Amino acid sequence: MTAIRRLLPGWLSSYAALYILFLYLPVIFLPIFSINTAATPKFPLSGVTLQWYEDLPHTPALIDATWNSLIVGVSASILSTVLGILAARSITRYRYPGRRTINGLIMAPLVLPEVIVAISMLLVMLQLGLSLSLFTVVLGHVLVCIPYSMTVLTSGFEGFDRSLEEASADLGESAFGTFRRVTLPMVAPAIISSLLVCFTISLDEFIIAFFLTGTEATLPIYIWGQLRFAAKLPGVLALGTLLLLASFVLMTVAEILRRRAARRTQNEGGLHA
Amino acid sequence: MTVAAEGSPPLRMAGSRRSPLLQSEAVQGFALISPTFVYALILLVLPILVVIAHSFWTQHYLTIDHTFTLENYRIALTEPIYRDLLWRSLYISLTVSLLTVLLAYPMAYFISFHGGRHKSLWLFLITIPFWTSYLLRVMSWKVILGYNGVLNSGLMGLGIIGEPSDALLYNSTAVIITLTHAWATFAILPIFVSLEKVDRTLVEAATDLGDGPLRSFLRVTLPLSAPGVISAALIVMIPTVGDYVTPKLVGGKDGVMIANAIQAQFGKAANWPLGAALSVTTMVIVSLMAGATVLSIRALQGLAR
């Protein structure tokens, strides 16, 4: 028995290492084959080149898609974070009947098949006579971003000490002043983190954009179109590598900010507890 | 407009003349959440109701006949093509959720019980691959499993196989592998959270009372982490049943799933009511399957005690 106990952590650590390898392995091939001279992704590499990266800025369709994705991503992240702030604040601060049901409904897009969410929104938008455009994509992205925004924001708002706001009000600060000078600084990191998370999701989201866009392509839709041509693969891999880097940087910043937010509200709360 | 609404409740709170109604916690909380709630109602609940309504109608070329009919459901459930697609989708999503949970559990256990001070670093390490584009992750599996792919060329290089195998890509196994990889993070997080809640003194107590590590794990830790296992299974099972990209990119002819058929009805085939009926059927069946999963995990949990 003691032998098992001693062996177990060792066995588990090697499993953990293997698991991480399994998670990262497919992702690692993107950058590797993006610098390959041959178009077919095959080992051994036939040579190293940056040509595929150099070609990217000279592809007008790609530039358009990038702009579209940026517009959609910025709008969707701002809208969903605003809606997320309202909901997260309400959930963490107030107690009222139906609170859990409403929360469940808002979080539901997280566990629904995306295709079904997408086609049902498509049906409604067509019935309402909305013409499909980047605007309808934003509407769809906001719906799927809100649950993530809520998750980040509730973790930032939880443990937020209400007495700090009350103290500020008691000391004669106006409601707006309290919000600006007490509430906002404490929750700002969580808000920025939510913006970054939602932007990243919108940037990568394919299905909803695929159904809800008109003629304008976002980056994933552009990539989807390119995937049909084997010769275009290295360009897609290069683009994918850049997107991967962007997502990684954004998420790292978001995570650091989220932790700082959680620490800040907890520490401040701790002082007064 | 929404930004203004955000600032208003605190203003209301501190205003000198407050009506008792607005002061009440319930009203304030509800007022604050209502924009988000209404958004979800308009863009989620209403659309799903519209889909349900469509599923009882009929498509006549460009117009839709609004007379109530169950014909679409008859087609969805009895036509061999749709019935097979539904079964395959359910089989794939069940297999994927089982595999993901089985593979994720030891990892979550490792982080929770042996992660030490680096728990959050481990969690972050696990979430990074998830933040890379889904489309590209699926595509990298295509690169790995393809005829000229990494796995084939690797196996040939090692002399294990003589010529590339085409059995790796374009079938349901490829879909299962890809989905299992794509949803790994979603399974680890809920299991980790429930393992974190397991009272360590209970495990110690079991050990002190003579249970070996395996027995105390099976009788204490595993049953107590069942809620996490349940949410992990559901969070993987429900979305994967409707996955579109993976079957399209790596599934080939034998890996087509129900979402591809649904998309076709809203695209080329232009039969919205049938597409709607397929969607509703999928949702109902996957909910039943999810319910059955919850019940069987609970039953197993009861057995362990």
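Residues are numbered from 1 along each chain as its sequence is written, and chains are lettered from A in the order in which they are written. Since the model is predicted, local features need pLDDT of at least 70 and side-chain atom pairs count only at pLDDT 80 or more, while totals for chains, interfaces and linings use all residues.

Chain A has eleven helices and zero strands, where helices (H or I, at least four residues) and strands (E, at least two) are DSSP runs numbered from the N terminus. The C-alpha atoms of chain A fill a box of roughly 70 × 70 × 35 Å along the principal axes. Of the 273 residues in chain A, 46% are buried; a residue is called buried if 20 or more other C-beta atoms lie within 10 Å of its own, exposed if 12 or fewer, and partly exposed in between, with C-beta atoms placed from the backbone. Two residues are in contact if their C-beta atoms, placed from the backbone, lie within 7 Å, and among the contacts in chain A between residues at least 6 apart in sequence, 80% join residues at least 24 apart.

Chain B contains 16 helices and two strands. Its radius of gyration is 25 Å, well over the 19 Å that the globule rule gives for 305 residues, so chain B is more spread out than a compact globule; the radius is taken over C-alpha atoms, and the rule is 2.2 Å times the number of residues to the power 0.38. The box filled by the C-alpha atoms of chain B is roughly 85 × 75 × 40 Å along the principal axes, and buried residues make up 44% of the chain.

Some single residues show how these terms apply. In chain B, I64(B) lies in strand β2, residues 63-65, and counts as partly exposed because 13 C-beta neighbours lie inside 10 Å. Although I64(B) and W272(B) are 208 residues apart along the chain, their C-alpha atoms are separated by 8.6 Å, and W272(B) is among the contacts of I64(B), together with W57(B), Q59(B) and P273(B), once neighbours within four places in sequence are left aside. Y170(B), by contrast, counts as buried because it has 20 C-beta neighbours inside 10 Å. Y170(B) sits in the loop between α8 (150-157) and α9 (172-182) of chain B, and has a positive phi of about 60° although it is not a glycine.

A helix can be followed from end to end in α5 of chain B, residues 80-114, whose 35 residues reach 50 Å from the first C-alpha to the last, close to the 51 Å expected; the expected span is 1.5 Å times one less than the number of residues. This helix bends by about 30° at A104(B), with a proline, P106(B), following within four residues, where the bend is the angle between axes fitted to the seven residues ending there and the seven starting there. Just after α5(B), G116(B) takes a positive phi of about 55°.

Apart from its neighbours within four places in sequence, A187(B) is in contact with T100(B), V101(B), A104(B), A232(B) and V236(B).

A118(A) belongs to α5(A), where it is buried, as are twelve of the 14 residues of this helix. These buried residues pack against α6 and α9 (207-212) of chain A together with α3 (25-54), α13 (226-241), α15 (258-266) and α16 (272-304) of chain B.

That brings the two chains together: 77 residues of chain A are in contact with 76 residues of chain B. The largest share of the side of chain A that touches chain B, 18 residues, comes from α1(A). By class, this side has 60 nonpolar, nine polar and eight charged residues, with Ala, Val, Leu, Ile, Met, Phe, Trp, Tyr, Cys and Pro counted as nonpolar, Asp, Glu, Lys and Arg as charged, and the others, Gly among them, as polar.
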